[in-house]
Amino acid sequence: MSLRLFKVAATALALAALAPSLASAQQFDRPVRIVVPFAPGGTSDILARLIAPKLSEAVGQPVVVENKPGAAGNIGADAVAKAKPDGHTLLLMDIGSLAVAPSLFPDLTYNVENDLAPVGMVMFGPYVLAVNPSVPAKNVAELVAYAKANPGKLAVANSGVGALNHITAVALARDLGIEWKNVPYKGGAAASRAVVSDESNVIINGATATLPFVTNKQLVGIAVTGEERLAALPDVETFKQAKLPLNDAGTWQGLLTTGKTPPDVVAKLNAELNKILALPEIQAKVAEQGGAVRPGTPEAVKAWLTTNIKSWGDIVRAADIKTN
Amino acid sequence: MELFDNLLLGLSTALQLNNLIYCLIGVVIGTAIGVLPGIGPIPTVALLLPFTFGLEPASALIMLAGIFYGAQYGGSTTAILVNVPGETSSVVTCLDGHEMAKQGRAGPALAIAAISSFFAGTVATVVIAVLSLPLAALALRFTAVEYFSLLVLGLFAAVILAHGSVAKSLAMVFLGLLIGTVGIDVNSGIARMTFGVPALADGLDFVPVAMGMFGLAEIIANLERPEVRQVVSQKLRDLIPSRADLKAAFPAMVRGTFIGSALGVLPGGGAALPPFTAYALEKKLAKDPSRFGKGAIEGVAGPEAANNAGAQTSFIPLLTLGIPANALMALMIGALMMQGIQPGPQVMTEQPALVWGVIASMWTGNLMLLIINLPLVGLWVSMLKIPYRLLFPAIVLFCCIGTYGISNSAFNVWLMLGCAVVGYFFIKVGVEPAPLLLGLVLGPQLEENFRRAMQLSDGDPSVFLTRPISAVLLGVVAVMLLAMLSPAVLKTRKEALAE
């Protein structure tokens, strides 16, 4: 493997020397990196590894997935924000974290809207709101009634302070007039375990992680986010049907590159991404991640970011969620 | 009889020729990365994940599992020969394993490590087959309250673990706890002692700290001594452990296996608890605890058995509940999802051939590892003949590559080099880094679980005594404390230290 990497690096150096920064839409002159700002094995990582070989065929260059975990994704995002703006450094991550970052981290080392250029949305995966069977509630109305009768008793597990599922829980409490404890864990898997073992009682988390426990009756499904009900849980209503806030909360995986990358390069990457997302095999693999592909324009992602930086930021500020 | 059917089903999967080959590939890669300091199973598995796309789910998992437990075998080799713990789990092996090597007994140390690992691997396979469902249920009974009590027990073990002055080892535990608080606090989200450096946001990674303080510090200390080496005997008779060695090591192996099997099941316990606990227990049970740290063979056998058993039983929460016990198991979940299998409690009933195949492959894999490793003992020992001027730069190079690979960040390389200097200072002032490392690993978990338990109980500390599992664990701590403070023990400890 290291020999291959060495060859790749050597080729890259040789090519870089021959063609100094002539990157145009048609010309990718050195290997492309997809930075995943989380540890391997998560949804972003799997998506990047699915897309990489297809993108490599499209641009005629090796595409390498590089995990740069740390600081809630900010280390990897910062690396991409400060890369050469020629579309050779890409960032694949849950852009919900990007939307929350400016309000959560006041001294962020990059500007989400200016230093990163969206390429396109990759997938959306809905959240499932579920409770441990010890909570006497089978649907939203019963859960709200129980929470109102027992203020402060329910504990909602989230995957970290300021994570989108934390913000969703805060928004639910605010809009429904209920009081529950927000209990942070190190990541979604630890939060799921805690609710299955009844250490905490309520979880809002990605469908892939939560569904097996619901179908196995270790958790009770209460509501799902997204436009429609899940095929696997036909009896569980959507946030919208139950008139809950943040019905578009969930995993929004997006592809971005360095800010100020020439628009024609971004357009070329976007076209290739959407071609890849149209492949049935990719769609099947994305469905296994508990979501569906979301091909779209860079502008749509930009608008999405602008909207949510504001609306989620408002919730963060109102609830006084702080990181330092 | 269902168990028999299940094992038979598993064996029929594991013994298919292609699965045997993937198992062999896995354990060979695992041994190799285990031997190379710093290059751990996590980056390796991550790198190999895409290649498992095209494989059958069972073959993919069998290979990835082989890398994991293969690395436990290989990791002890570097720990014993050059005092560099490649993995968290082999820190303890350094303590007595490297001492044995210094005394010219590297061969028996390596052989005992391999035999203990094989023994533990075999028993753990049976444990998984027989007990995975009840153990998984037990693991689910562990909430923040029980974890806290378990971790208190673990930290007490750290003090017992140290040889030398209690004051010094307590100081090192507290230093470990202190640097463990660096990074974003899980409970409040506040960044502590990061000085605005994003690379510190997730705290100090254990691997660079351990490699710097143990391995590189040892190298620096060696440089100021003239190169005197123990004559490395190449006679086969000196490479294999004597009957007396085996007799001394066997009970430790058995105890280590059971400790490892039990602690490995608990999610979040990490790779550090089983070997540290096993070492502390061996030292407690030994007639002459002063031998520990000076090349006691039980100090190699117990922890080696514990870490291998723990590595294997950490598959139980994954296979039965779909819950990862550690970072590597989270990667395994990724591997399952890439294969289109939703990890969760239903996997065991829906994919019995896969689950039992992986379990059965652990036994075939352990057998392969023993066969690969025992003949290699002679080869590894001859590595000690490589002159320092060639060996040391190579170790430093591999350590740098390995620490860089943890999260593709140069920060960890600098951290390791800084810890090397600190570790050299520790050698000079005569304090042991092992308690510090345990504090660093367990401290953050201790705090996280304590505060979570308090948050959930609305600040009522009596939960630690009213929940039965927690009460028993704290009871054990109290007994240990009383025993330690009792005049008889204090006296023997003093005598032991006086030697």
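How many residues from chain B and from chain A does the contact take? The model shown is predicted.

**View 1. The contact between chain B and chain A.** The contact takes 43 residues from chain B and 46 residues from chain A. On the side of chain B that touches chain A, the elements giving two or more residues are α3 (41–48), α15 (327–338) and α20 of chain B. Of these, α15(B) gives the most, with seven residues. Sorted by class, this side of chain B has 25 nonpolar, 16 polar and two charged residues.

View 2. Helix α20(B) covers residues 434–456. How far apart are its end C-alpha atoms? They are 33 Å apart. At 1.5 Å a residue, the 23 residues should span 33 Å, so the two values agree. The helix still has a kink of about 35°, at B:L442. Most of α20(B) is covered, with 19 of its 23 residues buried. After the helix comes B:D458, which has a positive phi, near 55°.

**View 3. B:V173 in helix α8 of chain B.** B:V173 sits in helix α8(B), which runs over residues 166–180. Is B:V173 buried or exposed? It is buried, because 25 other C-beta atoms lie within 10 Å, and 20 or more are enough to count as buried. Look also for B:F156. B:V173 and B:F156 are 17 residues apart in sequence. In space, their C-alpha atoms are 9.8 Å apart.

**View 4. Chain A as a whole.** Chain A has twelve helices and eleven strands. Its radius of gyration is 21 Å, close to the 20 Å that the globule rule gives for 324 residues. Chain A is therefore as compact as a globular protein of that length. Along its principal axes, the C-alpha trace spans about 70 × 40 × 35 Å. Buried residues make up 56% of the 324 residues. Now take the contacts in chain A between residues at least 6 apart in sequence. Of these, 73% join residues at least 24 apart.

**View 5. Helix α2 of chain A, with its bend.** Helix α2(A) has 17 residues, 43–59. From its first C-alpha to its last it reaches 24 Å, close to the 24 Å expected at 1.5 Å a residue. Where does α2(A) bend? The bend is at A:A52 and is about 30°. A proline, A:P53, follows within four residues. The buried residues of α2(A) include A:T43, A:I46, A:L50, A:A52 and A:L55. Just after the helix, A:G60 takes a positive phi of about 70°.

View 6. Strand β8(A) covers residues 220–224. Strand β9(A), residues 237–238, runs parallel to β8(A), and two bridges join them. In this pair, A:A223 stands opposite A:E237 in β9(A).

Methods:
Residues numbered from 1 in each chain as written. Chains lettered and ligands numbered in written order. Predicted model: local features only at pLDDT ≥ 70, side-chain atom pairs only at ≥ 80, totals over all residues. Expected span 1.5 Å × (residues − 1). Bend = angle between axes of the 7 residues up to and from the residue. Buried ≥ 20, exposed ≤ 12 C-beta atoms within 10 Å, placed from the backbone. Contact = placed C-beta atoms within 7 Å. Nonpolar A, V, L, I, M, F, W, Y, C, P; charged D, E, K, R; others polar. Pairing = 2+ DSSP bridges. Rg over C-alpha atoms; globule rule 2.2 N^0.38 Å.
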